[in-house]
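Hi,

Here is the structure I promised to hand over. Have a look at it first, and then read on for what I found.

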Amino acid sequence: MCAYVVLADDDAKQADLIRLYLEREGHSVDVVHDGRAALEQIRQRMPDLVVLDWMMPRVDGLDVCRVLRRESDVPVLMLTARAEEDDLLLALDLGADDYMTKPCSPRELVARVRTLLRRTRRPAAADAQLPAPAIETAPHPAEPVHAVGSLVVDPGRFEIRVEGRLVDCTPGEFRVLEVLASAPGRVFTRKQILEHLHGIDRYVTARTVDGHVMNLRRKIERDPARPERLLTVYGVGYKAAEPPAEAEPDDAAGSPHAC
């Protein structure tokens with residue numbers, strides 16, 4: 001799967017090494033060394049994926065990620081020497097789809113890029129140019145919409161709505177909520193959610209799931225500290241709360257014809 005990648009890293013030696021590995025994988029790579037140049041390059045030619053260093057001159061990676069999330073849903077892989085959990089959660093909260101700490105293995109980075117592209121990239125333009133079949137084919141069935149009370153997850157439109165309000169989210173957050181909302185009340189382990197996010201790839205961690213859930217709670221819960229929609233099942237994983245059952249109408253009590 002070949003893609004166009006923008007790599008933003010002020011460490012020229014490391015950037016050249018990562019570029020070499022990505023190009024060996026068949027990707028086209030543009031390298032920039034500061035955040036402002038990254039934004040300019042991305043706006044000129046929208047990439048399939050951005051590899052983004054956290055600490056860069058002029059504009060740092062977090063600010064670049066924040067701007068990108070207002071303008072597009074391009075997948076972002078964040079690189080940083082900061083390894084604290086709070087840093088991971090901050091990067092995910094700002095819209096990064098994955099996160100690697102330095103020093104990082106170029107082979108692992110290429111594997112993570114491959115995984116992100118597999119899960120987020122739209123079909124290649126060449127596919128759309130294939131000649132139409134000679135006979136009519138049945139349309140593909142629409143992807144099911146998951147409604148859990150006033151929470152609606154629409155995969156076909158890539159939309160989340162809560163009480164009619166559209167909720168902005170990253171691709172990773174959307175997929176976490178999609179799998180939980182597909183079976184309200186069922187408990188999904190972190191491993192099961194990761195398989196939905198990234199197939200069987202081993203290069204992501206359970207903390208990624210925790211970060212996405214934390215961010216989703218900020219966006220869809222009335223009080224994120226006391227979640228009512230996305231519940232933790234301690235020692236197991238997460239589930240979407242089942243909507244409360246509606247009370248059955250009491251026809252006899254409410255009917256004017258009751259005797």
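**Starting from Val51**

Val51 has its place in strand 3. Before going further, please keep in mind that this is a predicted model. Val51 has a relative accessible area of 0%, so it counts as buried. Setting aside neighbours within four places in sequence, Val51 touches Val5, Val6, Leu7, Ala8, Leu77, Leu79, Leu109 and Val113. Gly61 lies 10 residues from Val51 in sequence, and their C-alpha atoms are 9.7 Å apart.

**The cores**

Which residues have the most contacts inside the largest nonpolar core? They are Val50, Leu52, Leu68 and Met78, in a core of 26 residues. Two or more residues each come from strand 1 (4-8), helix 2 (35-44), strand 3 (49-53), helix 3 (61-71), strand 4 (76-80) and helix 4 (85-93). Helix 3 gives the largest share, 5 residues. Leu52 is in contact with Ala8, Gly61, Val64, Cys65, Val76, Leu77, Met78 and Leu79, again leaving out neighbours within four places in sequence. There is also a second, separate core of 23 residues, and Leu151, Phe188, Val209 and Ala240 are among them.

Helix 2 has buried residues at Gly35, Ala38, Leu39, Gln41 and Ile42. These cover an arc of only 165° around the axis, so they sit on the same side of helix 2. What do they pack against? The partners of the buried residues of helix 2 are strand 1, strand 2 (28-32), strand 3 and helix 3. On the face turned away from the buried side, helix 2 carries the exposed residues Arg43 and Gln44. At the start of helix 2, the backbone nitrogen of Arg36 has a side-chain oxygen of Asp34 within 3.0 Å.

**Charged pairs**

Side chains of opposite charge can pair when their charged atoms come close. Counting such pairs here gives 16 salt bridges.

- Arg66 and Asp63 form a salt bridge through their side chains, at 2.3 Å from N to O. The two are 3 residues apart in helix 3, which means about one helical turn separates them. Arg66 is partly exposed at 35% relative accessible area, and Asp63 is partly exposed at 33%.
- Asp98 and Arg112 form a salt bridge with their closest N and O atoms 3.0 Å apart. This pair links distant parts of the chain, with Asp98 in strand 5 (residues 98-101) and Arg112 in helix 5 (residues 106-120), 14 residues apart. Both Asp98 and Arg112 are buried.
- Asp223 and Arg226 form a salt bridge with the closest N and O atoms 3.1 Å apart. Asp223 counts as partly exposed at 30% relative accessibility, while Arg226 counts as exposed at 62%.
- Glu163, Arg222, Glu228 and Arg229 are joined in a network of salt bridges.

Happy to talk any of this through.

Best wishes

Note on methods:
Residues numbered from 1 in each chain as written. Predicted model: local features only at pLDDT ≥ 70, side-chain atom pairs only at ≥ 80, totals over all residues. Heavy atoms only, no water. Core = buried A, V, L, I, M, F, W, Y, C linked by side-chain atoms within 4.5 Å. Buried < 20%, exposed > 50% of the residue type's maximum accessible area, 1.4 Å probe, protein only. Helix = DSSP H or I, 4+ residues; strand = E, 2+ residues; numbered from the N terminus. Contact = heavy atoms within 4.5 Å. Salt bridge = Lys/Arg side-chain N within 4 Å of Asp/Glu carboxyl O. Arc of directions from axis to C-beta. Polar contact = N/O pair within 3.5 Å; in protein donor to acceptor, adjacent residues only side chain to side chain.
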